[in-house]
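Please open the structure in your viewer and keep the selection tool at hand.

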Amino acid sequence: MSARNIYLTNKPLSEARELWNAALGRHRFFDYAPTESINVDNSLGRLTAEAVFAGNSSPSYNAAAMDGIAVRFADLASANESNPVILSPEHYQAVNTGNALPPDFDAVVMIEDVNLLSDDRVELISPATPWQHVRTIGEDIVATELILPENHRIRPIDQGAMLATGITEVTVKRSPRILVIPTGTELVQPGQSAEPGQIIEFNSRILAGYLNQWGGEARRSLPVTDEPVLLEEAILAAVKDNDMVVLNAGASAGTKDFTSSVLSKIGEVIVHGIAIKPGKPVILAIVDDVPVIGLPGYPVSALLTMRLFVEEMISGFLGTDMVPREYTAATMSRPVHSSMGVDQMVRVTLGHVGANLMCTPSGKGAGAVMSLVRADGLLTIPAGSEGVGAGEKVQVELLREKSEIEATLVVIGSHDNTIDLLANQLHKHKPRVRISSAHVGSMGGIMAIRRGEAHLAGSHLLDEESGEYNVPFLRRLLPQTPLKLVNLCYREQGFMVPQGNPKKIATFADIAKNQLSFINRQRGAGTRLLTDKILKEQGIDRADINGYAHEEYTHMSIAAAVASGSVDTGMGIRAAALALGLDFVPVAEERYDLIIPEEFYSDFKVLALLDLIRTQSGFHQKILELGGYNLRDCGKILYEQ
């Protein structure tokens with residue numbers, strides 16, 4: 001067995017930054033400042049490397065600014081209505097806008113003010129002023145005049161100004177050339193079939209995209225397999241032609257993580273291991289005066305650590321200031337715990353609920369790409385803190401425009417596939433409405449309504465005593481909250497099983513008797529309550545269900561576990577089973593409702609959702625196509641208090 005790499009240290013973020021910036025200074029990284037001459041037509045968004053001066057005046061000749069006739073203003077000095085001036089051809093000349101003013105003429109009269117007496121004689125009743133309706137030489141730009149200063153980001157209007165004065169090439173700062181090298185024997189390219197143990201290589205696309213967005217000129221290499229010799233060759237080749245090299249994966253302490261040892265051999269490792277989460281195993285090194293950044297393999301860790309170090313390196317290389325990051329104050333909807341001694345970056349969603357901007361964690365896990373797709377902001381919990389509590393005020397770095405957050409409808413509660421359909425349809429709504437959903441189960445949704453954290457909650461809680469859905473829970477848990485209960489759908493719940501139902505699962509008794517593996521929903525989920533009700537009715541002990549304590553948070557997660565063969569079955573909705581090609585054994589029909597507090601019922605975002613589910617037959621058809629749904633009461637108010 002190969003020896004594991006061990007982190008050199010886990011340095012505090014501030015110390016790591018100090019060491020890294022000092023190393024970049026020693027190797028004169030920010031002093032390089034290469035330039036290149038490019039065509040003005042291709043210069044949009046680039047930074048000028050030197051001042052740009054006008055080559056010619058614009059306009060370069062005296063030009064008519066109106067359609068009309070060119071005249072000598074002195075010839076019209078006495079013109080008035082009672083004493084009109086009549087001009088013969090030698091005293092005027094017809095011109096169009098942009099025409100060069102004929103020699104010896106010094107004014108233009110608009111055609112509307114000219115009375116044509118004959119083919120060659122005109123009458124004028126008003127005097128003209130010198131250079132009336134004439135764009136004189138250099139009126140816009142005079143030759144040698146400064147057009148653009150150094151270090152200016154070129155805009156479309158700047159391109160036009162340069163071209164107008166005869167400038168066709170401009171010297172700009174060359175963007176830093178960056179090569180992104182993914183590493184790992186397990187990587188396969190998008191479009192290829194990934195076998196168990198293989199991973200589709202998409203990280204390099206994410207990383208290169210952000211590097212280009214920040215002003216770099218990033219390229220991607222093919223993956224390098226887990227061979228130290230091959231990795232060494234790839235790095236040495238990369239530093240010859242690039243200003244920076246970004247390595248993805250191999251920075252941790254696994255038996256196949258060789259990046260640190262290879263970089264120590266061919267260069268200088270400045271930092272290996274930083275006290276941040278996610279992103280601890282980052283490597284900062286220098287090889288032949290070229291910075292080499294080794295990022296963790298998980299996509300979220302890789303991107304967040306790259307934001308911490310590489311974005312400001314690109315700005316420094318170009319000699320520009322980083323675009324200031326925008327922050328906003330928000331209120332935590334639930335507690336978040338953090339490890340002492342580590343700066344933790346938490347992905348969050350945001351939404352205005354009443355007077356409060358609520359902040360909710362959007363997901364965990366350094367490999368959870370969707371947690372960043374859904375995230376509206378980043379909450380940094382500093383190393384000296386154990387976390388933040390529910391209701392605590394926090395500062396959040398925005399990852400979206402404020403206008404998007406203002407238009408966010410916060411939905412917390414039970415998961416249903418129709419929520420994704422709603423989100424897509426409302427995103428096309430004018431004005432646009434964006435759904436931020438958190439799948440915490442029906443009970444979690446009711447608690448979110450009670451705490452004022454959501455505009456609405458999805459729920460399908462079945463009361464064992466009355467057999468009624470949702471209403472008994474609202475009366476008990478939200479007695480003082482004016483609200484409306486609006487039906488979204490009825491849906492089939494049952495066992496998700498592999499195609500053909502090879503284990504012949506029909507009841508929980510089959511699962512218990514044959515010791516089949518089961519995956520459950522979390523406490524407080526409506527599916528969990530239905531499961532418990534059925535077990536109680538059938539006299540089956542929970543301990544006899546292998547996997548009862550194994551929990552997931554969405555129907556799709558249950559379906560994915562069954563589809564992968566990790567478990568034999570789990571309870572969920574038919575639509576989730578059909579989505580992943582599973583068979584389905586129906587157990588019950590349940591009612592799925594939306595709990596809407598009265599204070600938000602007239603909110604434009606809620607009204608847009610209600611209009612969609614009540615009037616759009618096309619949307620209803622999309623729901624029915626998922627399978628297992630009945631919309632007989634869709635949009636109806638079933639209860640209010």
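Begin by selecting strands β5, β9 and β8, which form an open sheet of three strands in the order β5-β9-β8, with antiparallel pairing. Helices (H or I, at least four residues) and strands (E, at least two) are DSSP runs, numbered from the N terminus, and two strands pair if DSSP finds at least two bridges between them. The edge strands are β5 (85-87) and β8 (115-116), each of which pairs on one side only. Between β5 and β9 there are three bridges, and these two strands run antiparallel. Select Ile-86 and then Glu-123, its bridge partner in β9.

This is a predicted model, in which local features need pLDDT of at least 70 and side-chain atom pairs count only at pLDDT 80 or more, while totals for chains, interfaces and linings use all residues. Residues are numbered from 1 along each chain as its sequence is written, and side-chain values use heavy atoms, with hydrogens and water left out.

Next, select Ile-125, in the loop between β9 (122-124) and β10 (134-135). Is Ile-125 buried or exposed, or partly exposed? Ile-125 is partly exposed, with a relative accessible area of 37%; buried means under 20% relative accessible area, exposed over 50%, and partly exposed in between (1.4 Å probe, protein chains only). Not counting residues up to four places away in sequence, Ile-125 touches Ala-79, Asn-80, Glu-81 and Pro-84, where contact means heavy atoms within 4.5 Å.

Leu-179 stands opposite Val-245 in β17.

Select β26 (residues 377-381) next; four of its five residues are buried. Strand β24 (residues 343-353) is joined to β26 by five bridges, and the two run antiparallel. Here Met-345 has Thr-380 in β26 as its bridge partner. Strand β28 (residues 393-398) also pairs with β26 in the antiparallel sense, over two bridges, and Gly-377 has Leu-398 in β28 as its bridge partner.

Finish at helix α17 (residues 617-626). Which residues of α17 are buried? They are Phe-619, His-620 and Ile-623. Seen down the axis of α17, these residues fall within an arc of 105°, so they line one face of the helix; the arc is that of the directions from the helix axis to the C-beta atoms. The face turned away from the buried side carries the exposed residues Ser-617 and Glu-625. The buried residues of α17 pack against α9 (417-427), α16 (604-615) and β37 (629-630). After α17 comes Gly-627, whose phi is positive, near 95°.
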